[in-house]
Amino acid sequence: MPTIYFDILSDADTIIDDEGVELPDTCVAPQMALELLGQAILDGSRRGTSGLTKIELRDQNGPFLRVSAAVVIEKL
């Protein structure tokens with residue numbers, strides 16, 4: 001089973017995953033990354049943080065997938 005690491009990168013923070021998650025295969029990794037991205041955006045909104053948030057997935061060979069979203073807060 002491959003170990004997949006989910007690093008969180010944003011304008012406010014960088015969190016490097018040192019533990020990783022063992023997955024039966026990498027097919028479920030994109031869905032997990034999207035869920036983590038959503039949670040990271042929610043966490044940032046509680047702090048009033050906007051900007052680009054990325055989840056980068058890597059295995060023993062290095063990065064292989066990135067999901068990202070930009071949050072813009074505008075006063076009108």
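The following legends describe close-up views of a predicted model of one protein.

**Figure 1. Overall arrangement of the predicted protein model.** The protein contains one helix and five strands. Read from the N terminus, these elements follow the order β-β-β-α-β-β. The C-alpha trace spans about 50 × 20 × 20 Å along its principal axes. Of the 76 residues in the protein, 26% count as buried.

**Figure 2. Strand β1 and its pairing with β2 and β3.** What lies between β1 and β2? These two strands form a hairpin, with three residues between them. β1 pairs with strand β2, residues 14–15, in the antiparallel sense, and the pairing has two bridges. Within this pairing, I8 has I15 of β2 as its bridge partner. β1 also pairs with strand β3, residues 21–22, again in the antiparallel sense and over two bridges. Here the bridge partner of T3 is E22 in β3.

**Figure 3. Strand β1 beside strand β4.** The strands shown are β1, residues 3–10, and β4, residues 51–59. They pair in the antiparallel sense over six bridges. Two pairs of residues may be located in this view. D7 has E56 of β4 as its bridge partner, and S10 stands opposite T53 in β4.

**Figure 4. The hairpin of β4 and β5.** β4 and β5 form a hairpin that has two residues between the strands. Strand β5 covers residues 62–71, and its pairing with β4 is antiparallel, over nine bridges.

**Figure 5. Helix α1, its length and its buried face.** The residues A29, A33, L37, A40 and G44 of α1 are buried. Seen down the axis of α1, the buried residues fall within an arc of 80 degrees, so they line one face of the helix. On the other side of α1, E35 and R46 are exposed. A residue is called buried when its relative accessible area is under 20%, and exposed when that area is over 50%.

**Figure 6. The largest pocket and the elements around it.** Rolling a probe the size of a water molecule over the atoms shows where empty space is left. The largest pocket holds about 220 Å³ of space. Of the 19 residues that line this pocket, those closest to its centre are I8, S10, A40, G44 and R47. Three elements, β1, α1 and β4, each supply at least two residues of the lining. Which element gives the largest share of the lining? That share, six residues, comes from α1.

**Figure 7. Residue classes in the lining of the largest pocket.** Sorted by class, the lining comprises eight nonpolar, seven polar and four charged residues. I8 and S10 are among the residues closest to the centre of the pocket; I8 is the bridge partner of I15 in β2, and S10 stands opposite T53 in β4. A40 and G44, also among the residues closest to the centre, are buried residues of α1.

Definitions and conventions. Residues numbered from 1 in each chain as written. Predicted model: local features only at pLDDT ≥ 70, side-chain atom pairs only at ≥ 80, totals over all residues. Heavy atoms only, no water. 1 Å grid on protein atoms, 1.4 Å probe; cavity = no way out; pocket = protein on both sides within 12 Å on 5 of 7 lines; lining within 4 Å. Points joined across faces, edges and corners; volume = space filled by probe spheres on them. Helix = DSSP H or I, 4+ residues; strand = E, 2+ residues; numbered from the N terminus. Nonpolar A, V, L, I, M, F, W, Y, C, P; charged D, E, K, R; others polar. Pairing = 2+ DSSP bridges. Expected span 1.5 Å × (residues − 1). Buried < 20%, exposed > 50% of the residue type's maximum accessible area, 1.4 Å probe, protein only. Arc of directions from axis to C-beta.
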